[in-house]
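Dear colleague,

Please find the structure below, handed over for your use. A short account of the findings follows it.

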Amino acid sequence: TFMSIEVKFPGGVKVDAHIEPFVISTDQSVRGGGEGSAPAPFTLFLASLATCAGYYVKAFCDSRGLFSEGISLTMDTEYDPVNKMIGKIIIKIIVPMDFPEKYDNALINAANVCAVKQHLSEQIKVETTVVRK
């Protein structure tokens with residue numbers, strides 16, 4: 001077994017994933033019948049993609065001796081009303097104005113190596129760009 005996750009139901013519509021030694025708690029929004037005490041499972045799915053991409057961007061910077069201070073990522077989604085699900089995920093790597101432009105494609109490639117992205121269905125497009133602010 002690669003990984004074992006035990007799921008428990010602590011009350012209401014909360015669902016917890018026990019991944020030793022951690023517990024990842026989820027809930028639904030108040031509108032969705034929950035207490036809004038934790039992110040919803042689908043939100044964690046999206047966060048796992050964003051943080052995985054972030055990890056690979058940080059690892060790239062570290063491997064090149066580039067400062068990662070001032071770098072951040074944002075991730076937005078576009079809804080596909082035909083399929084009634086997310087049709088596009090847009091990841092923006094935000095770098096300082098003085099970050100060397102020659103590394104833009106390498107940052108995008110690093111983010112795209114993300115294992116979470118590699119496991120997504122090909123029906124969902126993941127677009128990664130660099131944005132300076």
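Predicted model: local features only at pLDDT ≥ 70, side-chain atom pairs only at ≥ 80, totals over all residues.

Residues are numbered from 1 along each chain as its sequence is written, and side-chain values use heavy atoms, with hydrogens and water left out.

**Sheet and helices**

Three strands form an open sheet in the order β4-β5-β6, and their pairing is mixed. At the edges are β4 (72-80) and β6 (125-132), each of which pairs on one side only. From one strand to the next, the twist averages 20°. Strands β4 and β5 (residues 85-95) run antiparallel and are joined by nine bridges; Met75, for example, has Ile91 in β5 as its bridge partner. Here two strands pair if DSSP finds at least two bridges between them. Helices (H or I, at least four residues) and strands (E, at least two) are DSSP runs, numbered from the N terminus.

Two helices lie across these strands. Helix α1 (residues 41-64) lies across β4, β5 and β6 and runs at about 140° to β4. Helix α2 (residues 104-112) lies across β5 and β6, at about 145° to β6. The axes are lines fitted to C-alpha atoms, for helices over the stretch in contact, and angles run from 0 to 180 degrees between N-to-C directions. Contact means heavy atoms within 4.5 Å.

Phe2, Met3, Ile5, Val7 and Phe9 make a nonpolar surface patch of about 630 Å². Patches are made of residues with over 30% relative accessible area and no salt bridge, with like charges joined within 9 Å and nonpolar side chains (Val, Leu, Ile, Met, Phe, Trp, Tyr) within 5 Å. Areas come from the Shrake-Rupley method with a 1.4 Å probe, and for residues only the protein chains shown count as cover. Met3 lies in the segment before β1 (6-11) and is partly exposed, with a relative accessible area of 48%. On this scale, buried means under 20% relative accessible area, exposed over 50%, and partly exposed in between (1.4 Å probe, protein chains only).

His18 is in strand β2 (residues 14-19) and is buried, at a relative accessible area of 19%. Neighbours within four places in sequence aside, its contacts are Ser4, Ile5, Glu6, Lys8 and Val23.

**Salt bridges**

The whole structure holds five salt bridges, each defined as a side-chain nitrogen of Lys or Arg within 4 Å of a carboxyl oxygen of Asp or Glu. Side chains of opposite charge can pair when their charged atoms come close.

Asp62 forms a salt bridge with Lys58, with the closest N and O atoms 2.8 Å apart. Both residues lie in helix α1, four residues apart, about one turn of the helix. Asp62 is partly exposed at 45% relative accessibility, as is Lys58 at 39%.

Lys88 and Glu127 meet through their side chains in a salt bridge (2.9 Å, N to O). Lys88 lies in strand β5 and Glu127 in strand β6, so this pair ties together parts that are 39 residues apart in sequence.

Asp104 forms a salt bridge with Arg132, the closest N and O atoms being 3.0 Å apart. Because Asp104 lies in helix α2 and Arg132 in strand β6, the pair ties together parts 28 residues apart in sequence. Asp104 counts as buried at 15% relative accessibility, whereas Arg132 is partly exposed at 24%.

With kind regards
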